[in-house]
Amino acid sequence: MSDFSKDGYLNMELLRFTTAGSVDDGKSTLIGRLLYDSKQIFEDQLEAIEQRSLQRGFEHVDLSLLTDGLKAEREQGITIDVAYRYFATPKRKFIIADTPGHIQYTRNMVTGASTANAALILVDARKGVLEQTIRHSFIASLLQIPHLIICINKMDLVNYEEAAFEKAVDEFKQLSSKLDIKDVSFLPISALLGDNVVDKSKNMSWYNGPTLMYLLEHLHISSDENHIDCRFPVQYVIRPQQTEYHDYRGYAGRISSGIFKPGDKIKVLPSEEIATVKTIELFGEEIAEAYSPMSVTITLDKDVDISRGDMIVRENNVPNVMQEFDVMVCWLNSTPLQVGGKYAIRHTSKDARCIIKDIRYKIDISTLHRNEEDKKIGMNDIARISIKTTVPIFFDSYRKNRHTGSIILIDESTNETIGAGMIV
Amino acid sequence: MILYHLNHLRELEAEAIYIIRETASQFERPAMLFSGGKDSIVMTHLARKAFYPARIPFPLLHIDTGHNFPETIEFRDKMVEEIGANLIVRNVQDSINSGRAKEEKGPNASRNMLQTITLLDALEELKTDAAMGGARRDEEKARAKERFFSHRDEFGQWDPKNQRPELWMLLNGRKHQGEHFRVFPLSNWTEMDVWMYIAMEKIDIPNIYFTHQREIVMRDGMLLANSEYITVRENEKAEMMTVRFRTIGDMTCTGAVLSPANSLQQIIEEVAASKTTERGTRSDDKRSETAMEDRKKAGYF
């Protein structure tokens, strides 16, 4: 980590990615390899896994142990939902949402994918594209992850043959034609031996593409945010109880999308009052242009009644304001979804209640078929549902805006988050 | 080219401010845990930014073990005075005096474990329903699994197998009577991010993070500050050394590092070149491989 200069570090971007693959696809090994080859492993961490590898009688240091978790998990040989890992190169800081590949993969992958810029999907070169590769890609497309990286892993076990790689790529292209994926890359790698992970492989002269690390460092992410539709959900109203700021009213929140500037004509939802942005500030510093994902405070030219859950938008570009709409929901709980059931709903900074009007169809995520007969929606199921909310919600479709197009459903008796929804 | 794109420190800052504002909105009686260490200092700075020009709308809560570095306490009092924050201190000594907690014995005795009792008692007394802490996921594997909003049952316990899924940035702080939340606004920060942010924002920190001369006792490979709270054994001796602290906790369990770093720039270079993790200087984590996981389940920070 020694080549960080202070100025260089200040120009780094943040890239969040998630990983998917089944238990034997080498996902933990790949993450261990990324951390190890990018020199992010400290001596005390390495010593700990060397010792454990030795205790278990392994020949090599098992890099997958680097991502090994809690005692509760080791005892049961499972991984508990999402673990977060961090590493940095002089170009970027990376946050990995590491999701386990066992049965609860849908719930976990959806969670990890919800904030990701990129998804890494592992395919075993010997087995080619399997049903579950499609499942993972479907979830990535459903969650609108902008970049998909398909790693054809274990190339060492197929003698580094180009044909095996090409076959997997063709299979994937055929099966993914139904999916809405913006940017896909394919890489032949060996996580175990490090081919094309951080260092270029010496065993695959036929491959002229980038290594995984190069790709992660150069994915074009600055256009991933929506800079067109101005949406500012009000999170908190700042009213200082100090005489010098007697008349101060600041609307605090995080910009969901668009670019806000002082002087902008805005509309407040739901009141539909019109006002002009006086200042955009943070800690006394005025900001000339504010955009997603900044947290700022907005002041207006006149007194308007605004509270948490309201939304500030541009006068001539407003979101949908409706109480009935359709949602693609991923069910996260063992208690099934009930038609007619009432749940708490959270959308941006707004809390409301809703009733499930109808289940339109359930998606078989292995075949991507829509099933209109099967109305039992349990844990890990994905379905299109119609809901009605107690108050109007100010939303855009999830495809257009991940921040104003997403909701969660909460069980009002247990308070658990039980559904993740993307507004259609 | 990077027009309309935040650098990663500003993005982490925006995320933390969002979480702090969300906590102030969703809970009735939130509090921010303050230890005098760099992470809680950064978190307090972010809280000021989140609500400016208003003051921080919740108290800072310090669980004082009584084994703090005097420099930490001095720094704390000065900072609180400057920013006009409401500081509440609860003492582990009081928990010991009242028989709620029992002091450990022996040369390695530490009040680290006892803090949990005082903390849970304080949260109950103050009716705190959300306690914000400066813990980071990169510190330790049990912390890698934490949520931003981490649910605790009536006994203050963490159940890692039964955590609420956290999607997008839609944080669910709903709870039953008697339950509370721990909130971690710095979850996605690394040690390096914290130092770079301190440098970028010119945040004041206690002077023991910088190089100084100090009497040190070597124990189990750790450099412990000699103080009234540790017992120097027969085969040990206290020696003057040029050191600084990479983390600040109790004097009994926080190890120093040999270092000439006297500026933030030098500390950053040192952190970048470091071959051991930050918590490698903490004997409280070295008690067993699952020390942190076990303490967290019981209600530790």
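Predicted model: local features only at pLDDT ≥ 70, side-chain atom pairs only at ≥ 80, totals over all residues.
Visitor: At what angle do the axes of helix 6 and helix 7 of chain B cross?
Guide: A packed pair of helices is described by the angle and the distance between the axes. Here helix 6 (residues 191-201) and helix 7 (residues 264-273) of chain B have axes that come within 10 Å and cross at roughly 165°. That makes helix 6 of chain B roughly antiparallel to helix 7 of chain B (an angle over 145 degrees).

Visitor: Which residues of helix 6 and helix 7 of chain B meet?
Guide: Contact is judged by C-beta atoms, placed from the backbone, within 7 Å. From helix 6 of chain B come Glu191(B), Met192(B), Trp195(B), Met196(B), Ile198(B) and Ala199(B). They meet Leu264(B), Ile267(B), Ile268(B), Val271(B) and Ala272(B) of helix 7 of chain B. By class, this contact has 10 nonpolar residues, no polar ones and 1 charged. Ala, Val, Leu, Ile, Met, Phe, Trp, Tyr, Cys and Pro count as nonpolar, Asp, Glu, Lys and Arg as charged, and the others, Gly among them, as polar.

Visitor: How is chain B divided into domains?
Guide: Domain bounds come from an automatic or database assignment. In chain B, domain 1 takes 8-193 + 290-298 and domain 2 takes 205-285. Their C-alpha centres lie 23 Å apart. Domain 1 of chain B gives 22 residues to the contact and domain 2 of chain B gives 21. On the domain 1 side, helix 2 (38-51), helix 3 (70-83), helix 6 and helix 8 (291-298) of chain B each give two or more residues. The largest share, 3 residues, comes from helix 3 of chain B. That side of domain 1 of chain B divides into 8 nonpolar, 8 polar and 6 charged residues.

Visitor: How many helices and strands are there in chain B?
Guide: Chain B has 8 helices and 10 strands, which are DSSP runs numbered from the N terminus (helices H or I, at least four residues; strands E, at least two).

Notes
Residues numbered from 1 in each chain as written. Chains lettered and ligands numbered in written order. Axes fitted to C-alpha atoms, helices over the stretch in contact; angles between N-to-C directions. Parallel < 35°, antiparallel > 145°, perpendicular 65-115°, else oblique. Contact = placed C-beta atoms within 7 Å.
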